Amino acid sequence: MKFTDKKEREWLIDINLGSAEDVKKRLDIDLLSVDDTMKKIREDMQILASVVWLCVEGQHDIDTKEFSRSLSGDTIIDMEKAFVEAYVDFCPSRPMKAILTKAVAETKKNQNQMMEAIAEVDFSEALKGGS
């Protein structure tokens, strides 16, 4: 799954047994354990960025520090989405893959509902309240 950083570099997140082994050795996160993976990446965006870096390292001639500096705002959101999609594709457990696929679909539905609710807010009226 692909995302683009602030410098307009495109990255392909490819999670495989090799990258899973790198992540486990270097970050002590077991990508074969869905619970472990999801808990740790949701707790800290820096951990997510480190995991993604190990999955994309070598695609562009930059180091981890420059990679991290090229991520903010929407690029982090896009990176997270790309990681989750890549992780679902990688997931070695069919039942867990089905659960993750359903969870991703539900999350997208909730995000769309949230955006619709935000679009209905009259911000100019809300700001007149003084806060």
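Contact denotes heavy atoms within 4.5 Å. The structure is a predicted model, in which local features need pLDDT of at least 70, side-chain atom pairs count only at pLDDT 80 or more, and totals for chains, interfaces and linings use all residues. Residues are numbered from 1 along each chain as its sequence is written, and side-chain values use heavy atoms, with hydrogens and water left out.

**Figure 1. Glu80 and its contacts.** Glu80 is located in helix 5; helices (H or I, at least four residues) and strands (E, at least two) are DSSP runs, numbered from the N terminus. With residues up to four places away in sequence not counted, Glu80 touches Arg42, Met45 and Leu48. Glu80 counts as buried because its relative accessibility is 17%, where buried means under 20% relative accessible area, exposed over 50%, and partly exposed in between (1.4 Å probe, protein chains only).

**Figure 2. The whole chain.** Seven helices and two strands make up the elements of the chain, and their order from the N terminus is β-β-α-α-α-α-α-α-α. Along the principal axes, the C-alpha atoms fill a box of roughly 55 × 40 × 20 Å. Of the 131 residues in the chain, 30% are buried. Contacts between residues at least 6 apart in sequence join residues at least 24 apart in 61% of cases. The chain exposes about 8,700 Å², of which carbon and sulfur atoms supply 52%; these accessible areas come from the Shrake-Rupley method with a 1.4 Å probe, and for residues only the protein chains shown count as cover. There are 19 positive and 26 negative side chains, with the centres of the two sets 2 Å apart. Lys and Arg count as positive and Asp and Glu as negative, while His and the chain ends are not counted; each charge is placed at NZ of Lys, CZ of Arg, CG of Asp or CD of Glu.

Figure 3. Helix 3 comprises twelve residues (45-56), so at 1.5 Å a residue it should span 16 Å, in agreement with the 16 Å between its end C-alpha atoms. The expected span is 1.5 Å times one less than the number of residues. Buried residues of helix 3 include Leu48, Val52, Trp53 and Val56. The buried residues of this helix pack against strand 1 (2-4) and strand 2 (10-12), and also against helix 1 (17-27), helix 2 (34-43), helix 4 (64-69) and helix 5 (74-90).

**Figure 4. The two ends of helix 3.** At the start of the helix, the backbone nitrogen of Gln46 lies within 2.8 Å of a side-chain oxygen of Asp44. Just after helix 3, Gly58 adopts a positive phi of about 95°.

**Figure 5. Asp5 in its loop.** Asp5 belongs to the loop between strand 1 and strand 2, and its relative accessibility of 1% is why it counts as buried. A polar atom of the Asp5 side chain lies 2.9 Å from the backbone nitrogen of Lys7. Beyond neighbours within four places in sequence, Asp5 is in contact with Trp11, Ser70, Leu71 and Thr75.

**Figure 6. Ser19 in helix 1.** Ser19 is part of helix 1 and counts as buried because its relative accessibility is 5%. Its contacts, leaving aside neighbours within four places in sequence, are with Asp14, Leu54 and Cys55. A polar atom of the Ser19 side chain lies 3.4 Å from the backbone oxygen of Asp14. Ser19 and Val56, 37 residues apart in sequence, have C-alpha atoms 8.9 Å apart in space.

Note on methods. A polar contact is a pair of N or O atoms within 3.5 Å; within protein, one must be able to donate a hydrogen and the other to accept it, and residues adjacent in sequence count only if both atoms are side-chain atoms.
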